[in-house]
Amino acid sequence: FDAKMKELRQGFASMTEDHPHLKYLMEDFEHIVSFRKNAAAVLLVLGSFAGFFFGIIVALLTGIGGGKKEDKKKKKKKE
């Protein structure tokens, strides 16, 4: 596991050489994972929940998440 992670980190490091902001994020991520493994897990879980709920809110606001419009169209056609 450690060897594979080291290989992945080196790959990400080579990708972030041209982008200083990504490099700083990778350094922060490395620090969190190396010293605070539980904190990294909590950050990933919280980020997943936040993204999930944000997606639901956006879907509901844009009308993507409901089938009510189709039901109304079918009722109008029957009449």
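A salt bridge is a side-chain nitrogen of Lys or Arg within 4 Å of a carboxyl oxygen of Asp or Glu. In the predicted model, local features require pLDDT of at least 70 and side-chain atom pairs pLDDT 80 or more, whereas totals for chains, interfaces and linings use all residues. Residues are numbered from 1 along each chain, and side-chain values use heavy atoms, without hydrogens and water.

The protein contains 4 helices and 0 strands, in the order α-α-α-α along the sequence; helices (H or I, at least four residues) and strands (E, at least two) are DSSP runs numbered from the N terminus. Of its 79 residues, 5% are buried, that is, under 20% relative accessible area, with exposed meaning over 50% and partly exposed in between. The protein exposes about 7600 Å², of which carbon and sulfur atoms supply 65% (Shrake-Rupley method, 1.4 Å probe).

Val 45, Phe 49, Phe 52, Phe 53, Ile 56 and Leu 60 make a nonpolar surface patch of about 610 Å². Phe 52 lies in helix 3, residues 37-62.

Across the whole structure, 2 aromatic pairs are found. Phe 49 and Phe 53 are stacked, at 6.5 Å centre to centre and 20° between the planes; rings of Phe, Tyr and Trp (its six-membered ring) pair if their centres lie within 6.5 Å, and planes under 30 degrees apart count as stacked, over 60 as edge-to-face and the rest as tilted. Because Phe 49 and Phe 53 are 4 residues apart in helix 3, about one helical turn separates them. Phe 52 and Phe 53 form an edge-to-face pair, at 5.5 Å and 70°.

Methods
Patches are made of residues with over 30% relative accessible area and no salt bridge: like charges are joined within 9 Å, nonpolar side chains (Val, Leu, Ile, Met, Phe, Trp, Tyr) within 5 Å. Buried means under 20% relative accessible area, exposed over 50%, partly exposed in between (1.4 Å probe, protein chains only).
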